[in-house]
Amino acid sequence: KISNPISGLSVACLLFCRKFVISFDWFTNIHRAICIIVFNFTTTMSNPAAEAKPVDDVQGDGRWMSLHEAFLRDGKEKEPEVVLIGDSLIAKLSQSLLWQQMFEPLHSLNFGIGGDRTENVLWRVLNGEFDLVQPKVIVLLVGTNNYDNTADQVTDGILAIVQAIKEKQPTSNLIVMGLLPRGEKPNPLREKHSTINKRLAEELQDIPLTTFLKIEDKEFISSDGIIRRSVMHDFLNLTVDLGYQKVCEPLLEEIQNLLGTFIKVESTSFETSSIGGDIAGN
């Protein structure tokens with residue numbers, strides 16, 4: 001029995017406050033749990049750019065899978081010193097005179113497929129394209145076709161390929177090339193590529209036997225911000241002469257440094273017609 005009404009009111013207030021505090025603590029704990037669940041979900045949710053996937057054969061001719069199987073045969077039958085893998089920017093290099101002059105004497109294989117995205121190259125790596133080869137140098141260039149993914153998604157997709165290659169070929173030197181600018185005029189994709197390249201440079205610097213090679217944008221973009229068709233004929237793919245020369249000069253210098261005394265490359269000038277013979281004779 002409470003004789004003092006003021007004391008009774010105080011006790012009632014204390015009981016109410018205690019119940020409120022318990023309820024508040026319960027609400028806080030539930031809120032914290034929900035935040036943890038949401039955080040874990042958003043950080044582990046699937047990234048389509050980093051999930052290995054073959055190309056859908058929407059045209060029905062099986063060309064993509066035929067190329068993949070051809071690469072498997074090439075890997076089984078040949079002993080390449082250098083393997084280049086990626087999208088059309090890699091694939092179309094084999095159509096350039098520079099490929100004949102520079103890369104064939106290096107005993108190179110070209111595993112490029114036009115239109116490939118990071119998830120497609122990842123699938124190819126995980127499905128045998130590096131199982132039967134032991135190259136000294138691997139070159140990776142992919143990501144421009146992931147135009148509908150975020151910069152972080154594309155970066156993580158490229159890093160997933162790097163990890164897969166490292167697991168398949170732990171003693172090979174890996175050159176990861178930065179994404180090239182695209183589009184005649186400044187556009188959001190150029191900005192996204194710059195963001196991807198910046199993060200790749202940071203992420204790759206501590207991975208053993210891995211080099212990030214970024215070709216300066218000024219090699220492709222004039223002072224007014226325009227990409228000329230003499231360098232990229234469709235403002236995306238490189239021309240077989242001047243465009244690829246701007247890529248091949250620094251790339252071949254890096255490959256030469258990694259190969260050491262195996263191959264000596266004296267020039268990468270497109271106009272030099274005797275380079276292949278000079279290399280083969282060394």
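Which residues touch the most other members of the largest nonpolar core?

**Model**

This is a predicted model, in which local features need pLDDT of at least 70, side-chain atom pairs count only at pLDDT 80 or more, and totals for chains, interfaces and linings use all residues. Residues are numbered from 1 along each chain as its sequence is written, and side-chain values use heavy atoms, without hydrogens or water.

**Nonpolar core**

Leu84, Phe103, Leu140, Met177, Leu251 and Ile255 touch the most other members of the largest nonpolar core, which has 62 residues. Such a core is a set of buried Ala, Val, Leu, Ile, Met, Phe, Trp, Tyr and Cys residues joined through side-chain atoms within 4.5 Å; buried means under 20% relative accessible area (1.4 Å probe, protein chains only). Helix 6 (residues 151-168) gives the largest share of this core, nine residues; helices are DSSP runs of H or I, at least four residues, and strands runs of E, at least two, numbered from the N terminus.

**Largest pocket**

A pocket is an open set of points on a 1 Å grid over the protein atoms alone, where a 1.4 Å probe fits, with protein on both sides within 12 Å along at least five of seven lines; lining residues have an atom within 4 Å of a point. The largest pocket is lined by 20 residues, and Val55, Asp56, Trp64, Gly114 and Asp116 lie nearest its centre. Helix 2 (63-77) and helix 5 (118-129) each supply at least two lining residues, with the largest share, four residues, coming from helix 2.

**Second largest pocket**

The lining of the second largest pocket includes Phe71, Asp74, Trp99 and His107. Strand 2 supplies the largest share of this lining, three residues.

How values were computed:
Buried < 20%, exposed > 50% of the residue type's maximum accessible area, 1.4 Å probe, protein only.
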